[in-house]
Amino acid sequence: MVRRLIERYLQLMNIQVKTPNDYGFLCYCPFHRDVHKPSFSVNGDTGWWQCFAGCGSGPFPVLTKRLGLGVIILPFVSGDSNKSKKPDVPKNRPSEGEILFYVKNISLPWVLRGFDLSTLERFQVGFDPAKNETIFPIRDKDGTLLAYLHSPKQSVYYYYGDRRGESFFGAHLIDDNNDIVALCEGVADAMRIWQLGHLPAIAIMGSKLTPGQTAWLKKLRRPIYCMLDNDPAGRKGNIQIWEKLRGYCRLQFIHWPKGIKDPGQLDSSRELERLLGQAKPFPKSV
Ligand SMILES: [Zn+2]
């Protein structure tokens, strides 16, 4: 799994793989004129790289950084959450090549929060080694990249790309086999629901649907389980969803028990199943 992603990274960096082997990859070194015998090796499990001719060695993010593969090619004004300044949202659309996919050793903070590597891979959580920030791509159902979220630290997110309101985080996980879809507020909520139930979960990235998201859900044609946060904003969001979508979608609302703040706090599949089983076709009052 990690190996495949590392290979993808190497492709993105135009590093030519000569021989894949059990250890990883033997490549032509990108730092010196290396045409006869490949002298650059990359470990397929950890991403550790080394040039036998002396160009250096190190962890994978150092390699991507040295080769200038930064995620933020788009101009932005860096935001300071304390002063509630927002970064400028660039008008141009991010391209696939600008997203860095997740690698095991740099997803550690999210692993420590209890997310499986397979979950992080499924949602294609990435990392920008130049800025030391986690990246969450926002895709359409067909996988098209529309925008992405940057998270310099826990619970702080910035958007890039002007098409973010057209879809949901996690939308690309919905396929023809899914009977139901969970709707939630944040990226951690969506990943937790997926991890516990393999239930496709899509995050609004807030508690209020955009007009684009509303139109998107009207076309979804399968039951939607609303799992917005257990707080006034979440309950208000649920009521707005009910007002906008009833008659168009089959809606079910989770009525949270006391003590659970949001889906990110669920810790067992059984608990998730129980809540889904007890869902009601109307929202709780604010
Ligand atoms: Zn070299």
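I looked at the zinc ion's geometry: its four donor atoms subtend angles of 102 to 118°, which makes the arrangement tetrahedral (four donors with all angles between 85 and 135 degrees). The model is predicted; local features need pLDDT of at least 70, side-chain atom pairs count only at pLDDT 80 or more, and totals for chains, interfaces and linings use all residues. Residues are numbered from 1 along each chain as its sequence is written, and side-chain values use heavy atoms, without hydrogens and water.

I listed the protein donors next: Cys29 (SG), His32 (ND1), Cys51 (SG) and Cys55 (SG), at 2.0 to 2.3 Å from the zinc ion. Donors are N, O and S atoms within 2.8 Å of the metal (3.2 Å for Na, K and Ca); water is not among the atoms, so sites may look incomplete. Their sequence spacing reads C-x2-H-x18-C-x3-C. His32 sits in the loop between strands S2 (24-27) and S3 (40-43) and Cys51 in strand S4 (residues 49-51), so the pair ties together parts 19 residues apart in sequence. Strands are DSSP runs (E, at least two residues), numbered from the N terminus.

Cys51 is buried at 4% relative accessible area, while His32 is partly exposed at 25%. Buried means under 20%, exposed over 50%, partly exposed in between (1.4 Å probe, protein chains only).

I then turned to strand S8 (residues 145-153). Seven of its nine residues are buried. S8 pairs antiparallel with S7 (residues 133-139) over six bridges; pairing takes at least two DSSP bridges. Ala147 in S8 is the bridge partner of Ile138. Four bridges join S8 to antiparallel S9 (residues 156-160).

How values were computed. Tetrahedral: all angles 85-135°; square planar, octahedral: opposite > 155°, others 65-115°.
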